[in-house]
Amino acid sequence: METFANLADGFAIALTWQNLALALLGCFLGTIMGALPGLGPSNGVAILIPLAFTLGLGATPSLILLTSVYYGAMYGGRISSILLGIPGDEPAMMTVLDGHPMAKKGMAGEALAISGIASFVGSFFATWGLILLAPQLVKIALLFGPAEYFALFALAFMTLGGVSSTNQAKSAFAAMLGLGLAMIGVDTQTGVPRFTFGEVHLYDGLDFLVAIVGLFALSEVFIFLENRHGGSADGTKLTIGRLTPPMSMVKACTPTMLRTSFLGFLAGVLPGAGASLGSFISYSMEKRLKDKDGTFGTGDPRGVAAPEAGNNAAAGGALVPMLALGVPGSGTTAVLLAVLLSLNITPGPLLFAQNPDVVWGLIAALFIANFMLLAMNIPMVGLFTRVLMIPSRILMPIVAMVSFVGIYGISGSSFDLMVMIGFGVMGWVLRKFDVPLVPIILGTLLGNTMENNLRRAITIDNGDWFTLIDSPLAIALWAIAILGFVLPLLVGARVKAKMHARRDEEGSISD
Amino acid sequence: MIFKTTRTLIAAAVLGMTAVAAQAQENPECIAPANPGGGWDFTCRQAGKTMQDLGLIDKTMQVVNLAGGGGGVAYAEVVNKRNDSNDLIVAASSATATRLAQGAYPGNTMDQVRWLASVGADYGVIAVAADSEVNTLPELLDQIKADPTSVSIAGGSAVGGWDHLKVLIAANAYGIDDVRAVKYIAFDGGGEAVTQLLAGSVQAFTGDLSEAKGFVDSGDIKVIAVLAPERLGGAFADFPTAKEQGVDAIGANWRGFYAPGGMSDEAYTAWVEKIGALYASDEWKAVMEANGLAPLDLQGDAFQSFVADSVAQIEGISKEIGIIK
């Protein structure tokens, strides 16, 4: 049981008053950064790096502070998703689908609490996975070549029908739009700029955060402006509901959380996939498996628990390739990797042997942060839900301000603000047509990686398309993808027809 | 251009207040022209931290990530809006020179800024998996010569980027005339490229020594050539150079800084001295060693002409292989 001895050493390193205070600070700041639209975990961590340096912190305390921010932001992203229908960061996007309808139904308290618990479960199991399996898991990452990655992304897209069920054509259109937007930028496989119109800001493609904030937050502001002008502001008072979830709800969600923790963790371990894919696959798979009476998308607690457990598990999973291979699995781990490097620690195959104190101190810190976040988040549900009490005429200007300041703060580029406004207008128009917004972001987010992996696979095999079904793993992924696509068409048609009428009145986000 | 100017004007109007506030500060500032986590970001943060530790600067170096266009956004920003700032330095590397040479920063040239100093160089390596049958660079290049489609080489930069060019320089030096036939697969960063080498998807890896170091230590990959003029010291002494294997190819990814073109001479000299003092310090030597950076000690005018040569060389290769006309 060397592992446990190591873990005990880790706790010995992590459990000092200074470290606990840093973890508390990190969790608090992280939660806030995650909740603010525009500021995601990677920016949150990046913003706090100078703080860690200025305080002259050593390797372990710095990592404790920064990973607390990381986990905190993963928790925080759900808050604005649920309360406002505006995802705080990319991985929290799927939480909008059921979280916001729950809040609209007067169950904001329950939604926040159950998602907090799901986040905890996801991170908790992911941290154990990291401890017990990190060296072995690296081998899984090595099974994935470009062809397998392409099959994985294809699988994700084929389950897209699970995301929005009102009108498949509209969600297909939205996904295509997203894929189209992903084309913008320099094509890495040929070095040729596509759709950039000579504008250097577009060479790296569109920033997802800019797209998300524009599509969700700004379009919300536009809709508000329009309604105010027409004099039809909704004066409806929302009820908040209970601040703790009933045991029956927790019980109903437990199998969901366990399954999606596993899925999310796996997605996190793959360097090319990450937390967004983790929460996406978690949600759509769970919906495929469990949505027998079509409640997903209308405020089903399981639809909140699934993506939250999934994305928090993916956050833990992403640390596996970062620590064991030195390859970041997500934007945030890329930042953490840079921090490690600047502390003269080189992550990689030898890290566990060379710097055990850092690794185990970090893992202990993850546990501490996770418990702290649970303890902090559940009582704070009451405080968060007050947001719903703020009248729109005050809330919306704040949303607009935070969006602008947040986006400018990250990129320092006024060009991104124009792009954000463009997305805001597009989001407003699309909402009018009831086109779901989530598939657009998924297309933009995953389209590039998917295309690159396809072309890598084909180039490696000199233009032979059969390379895509050349390994057992790839064939298995394709099989799941095709089943996931075809089965609902056969089995689900009847169920869906029944649900259709009831669901039509939902807004564009909630379908 | 007109389109861009209009847009800049609108943007400037929208953000007038913010911009004024940002320019009024007197703190040392380093622009990393990429997102947090990359090499430029590392250069800024590590140099800033070490300079502060050494007492060369009083306040914490403020690191601003201005990503976009492979550094082009930051370059344009410095040239157009921050041209007379005395507090500002910007991280640069061979990638900056590559893009300047290939005209990938539309409308910008290397003489629009003042080049300050280098802080080290990361020599290029060509590596294969530990269990590969290939043991030397000529063996690999012979395979490519015989059948270019049989060898896929993975690297972390886009096609036409520095990782790609390094292989082409080596192939060219070995007498492979049609270097365009060399199969290069672009990945998102050196780490992903090495992972694919380990996964067996590709046969060889081209990247920087610092990217390969961890995997060599763990015995997962073997370096078949370092693109350095002579063998490196310390932990890297075992790696053969391309030159000693009869392939006259040198490829160094240098790291350094540039400053706005309108920076005053006093400020320029002060920054050159500070970075020179940073470079000479033991602390920086430790940083270089930990990150696999080799010495490259150039300041002021010497650095300026080094960058000019480097841009001219890359322009030559790029024309030869048809990346630019």
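Begin with A:Asp434, which counts as partly exposed, with 15 C-beta neighbours inside 10 Å. Bear in mind throughout that this is a predicted model. A:Asp434 sits in the loop that runs between H17 and helix H18 (438–460) of chain A, and its backbone deserves a look, for its phi is positive, about 60 degrees, although the residue is not a glycine.

Next, select A:Phe195, in the loop between strand S2 (192–194) and helix H9 (208–229) of chain A. This residue, too, is not a glycine and yet has a positive phi, here of about 50 degrees. Is A:Phe195 buried or exposed? With 12 other C-beta atoms within 10 Å, A:Phe195 is exposed, because a residue with 12 or fewer such neighbours is classed that way.

Now widen the selection to the whole of chain A, which has 19 helices and two strands. Of its 511 residues, 60% count as buried, and among contacts in chain A between residues at least 6 apart in sequence, 81% join residues at least 24 apart.

Within chain A, select helix H2 (residues 17–35) together with helix H4 (residues 59–84); they pack at an angle of about 30 degrees, and their axes are 6 Å apart. That angle makes H2(A) roughly parallel to H4(A), because angles under 35 degrees are counted so. The contact of H2(A) with H4(A) has 20 nonpolar, 11 polar and no charged residues, and the crossing of H2(A) past H4(A) is right-handed.

Which residues of H4(A) meet H12(A)? On the H4(A) side they are A:Tyr70, A:Tyr71, A:Met74 and A:Arg78, and they meet A:Glu308, A:Asn311, A:Asn312 and A:Ala315 in H12(A). By class, this contact of H4(A) with H12(A) has four nonpolar, two polar and two charged residues.

To move towards the other chain, select A:Gly412, which is found in the loop between helix H16 (392–411) and helix H17 (414–432) of chain A. A:Gly412 is buried, with 21 other C-beta atoms within 10 Å, and it touches B:Val64 and B:Leu66.

From there, select the whole boundary between the chains, where 51 residues of chain B are in contact with 50 residues of chain A. Elements of chain B that each supply at least two residues of the side touching chain A include helix H1 (2–14), helix H3 (39–54) and strand S2 (62–65). H8(B) gives the most to that side of chain B, with six residues. The residues on the side of chain B that touches chain A divide into 23 nonpolar, 19 polar and nine charged.

End in chain B with helix H6 (residues 137–146), and highlight B:Leu137, B:Leu140, B:Leu141 and B:Ile144, which are buried. Viewed down the axis of H6(B), its buried residues fall within an arc of 95 degrees, so they line one face of the helix.

Definitions and conventions:
Residues numbered from 1 in each chain as written. Chains lettered and ligands numbered in written order. Predicted model: local features only at pLDDT ≥ 70, side-chain atom pairs only at ≥ 80, totals over all residues. Axes fitted to C-alpha atoms, helices over the stretch in contact; angles between N-to-C directions. Helix = DSSP H or I, 4+ residues; strand = E, 2+ residues; numbered from the N terminus. Parallel < 35°, antiparallel > 145°, perpendicular 65-115°, else oblique. Left-handed = near helix turned anticlockwise from the far one by under 90°. Nonpolar A, V, L, I, M, F, W, Y, C, P; charged D, E, K, R; others polar. Contact = placed C-beta atoms within 7 Å. Buried ≥ 20, exposed ≤ 12 C-beta atoms within 10 Å, placed from the backbone. Arc of directions from axis to C-beta. Lists of a residue's contacts leave out its neighbours within four places in sequence.
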